Amino acid sequence: MAAVRIGVVGCAGRMGRALVSQILDNENAVLSGGTEHHDSPAVGRPLRHPVTGEELDVVVEADANGLFDRSDVVIDFTCPTATLLHADIAQRTGTALVVGTTGFTDDQAQKLRAAGSKIPVVQAANFSLGVNLLLHLTEEVARRLDEDFDIEVLEMHHRHKVDAPSGTALALGEAAARGRGVELARVSDRVRDGITGARKRGHIGFATLRGGNVVGEHTVMFAAENERVELTHKAGDRAIFARGAVTAALWVHGRAPGVYGMADVLGFDG
Ligand code: NAD
C-alpha cells in the first residue's frame, strides 16, 4: 500500500516539529511538506529534521494551497484563525484534516465542524492515548458517583500556553458532565476570585496553573466528605500527541466526510 502523504501546517511550532519527526519515523507515511505563518523566519528555508538537524528536501512555504493539493491528509496544530483558513482550503482540495488546535470560540468551533460535511476531519483536544483513556474513565466515574462528590478539574501547562482552561481540561469537564447527565455550560465554575460564596452542589470547577516547561498535566478530582478519588495524566513529551495525530491521519485517509474524534480512531465506544 502506498504511503499516505501527510502535510504539516505550522511546521516550525512546538507541535509542528514533533509532528514532522513522527511522520519521518513512520514507514506508512511520507512528509508532503510544511507551511508557516508568513512572518516566520522558517519560511523559504529547508526544513530540518527536528532530532538530527539534517536538512530535508522540503522548503517551508507560506501559502498552504499547494501543500493541500499534494497531500492526502494535513495535520494542523496552529491557532484558531489559521485552522479555519486551512479548513476552507481543505474543503476546496478535498484533503482530510487532523486538527489539534485548541481555544476555539463556539462560533469558530461550529465553522470547523461544518467542514465535516465535505471532508473527513479528526478533531481532538488531546491526541494522547492516556488522556483519551482518562476521558473515558472520567465519564464512567462521574456516572457512578453522585453529587456528594464535588468534581474539580486541575491542569498545569508551560508558561507559553495562551488559552485557559486547556482544551483537554474542558473536554474532561464535558466527559464528567456527560457522565452526570448534565450540560457543562450550566454547571461549570471556570474562575473563582474573591468572596465567591460556598461551592454549589453539582457544579464542575476548573483550576489552571501555568509555569516552566510543563508539557501538560490534568487531574480530575471527585471530592466527598472524608474521601477523594483522583484521576491523573502527566504528559512527559509532545511526542505522545504527535504520535496520536499521525495515527489519526493514517486512520482518516479515505474515510467518508464527517467529524471524528480520537474515540473513533482508538475504537473506544464513548
Ligand atoms: P506554537 O505557537 O509553538 O506553534 C504554532 C505554530 O503555528 C507557530 O509556529 C505559528 O507560527 C504557526 N502558525 C500560525 N498561524 C499560521 C498560519 N496561518 N499558517 C501556518 N502556520 C501558522 O504552539 P504549540 O505549542 O505547537 O500549540 C499549537 C496548538 O496546538 C495550540 O492550540 C495548542 O493548545 C494545541 N495543542 C494541542 C494538543 C492536542 O493533543 N490536541 C497538544 C499540544 C498542543
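Reply: Domain bounds here come from an automatic or database domain assignment. By that assignment the chain has domain 1 (4–123 + 238–266) and domain 2 (129–235). The model is predicted: local features need pLDDT of at least 70, side-chain atom pairs count only at pLDDT 80 or more, and totals for chains, interfaces and linings use all residues. Residues are numbered from 1 along each chain as its sequence is written, and side-chain values use heavy atoms, with hydrogens and water left out.

Me: How far apart do the C-alpha centres of domain 1 and domain 2 lie?

Reply: The two C-alpha centres are 28 Å apart. Contact means heavy atoms within 4.5 Å. Eight residues of domain 1 and 10 residues of domain 2 take part in the contact.

Me: Which side chain has an N or O atom 2.6 Å from an oxygen atom of the ligand?

Reply: A polar contact is a pair of N or O atoms within 3.5 Å; within protein, one must be able to donate a hydrogen and the other to accept it, and residues adjacent in sequence count only if both atoms are side-chain atoms. The 2.6 Å distance belongs to the side chain of Glu36. The side chain of Thr102 places an N or O atom 2.7 Å from a ligand oxygen atom, while Arg14 uses a backbone N or O atom at 2.9 Å. Of the 860 Å² of accessible area that the ligand has on its own, the protein covers 80%. Accessible areas come from the Shrake-Rupley method with a 1.4 Å probe; for residues, only the protein chains shown count as cover.

Me: In what order do the strands of the five-stranded sheet run?

Reply: Two strands pair if DSSP finds at least two bridges between them. The sheet is open, with mixed pairing and the order 9-10-8-11-12. Strand 9 (188–189) and strand 12 (227–235) are the edges, each pairing on one side only. Strand 8 (residues 150–157) pairs with strand 10 (residues 204–210) in the parallel sense over seven bridges. Strand 8 also pairs with strand 11 (residues 216–224), in the antiparallel sense over seven bridges. Met156 has Leu209 as its bridge partner in strand 10 and stands opposite Glu217 in strand 11. Strands 11 and 12 are antiparallel over nine bridges, with Met221 opposite Glu230.

Me: Where does Asn226 lie, and which peptide bond is cis?

Reply: Most residues other than glycine have a negative phi, and most peptide bonds are trans. Asn226 is in the loop between strand 11 and strand 12, and its phi is positive, near 70 degrees. The hairpin of these strands has two residues between them. The cis bond runs from Ala164 to Pro165, with omega near -10 degrees. Pro165 sits in the loop between strand 8 and helix 6 (167–180).

Technical notes
Helix = DSSP H or I, 4+ residues; strand = E, 2+ residues; numbered from the N terminus.
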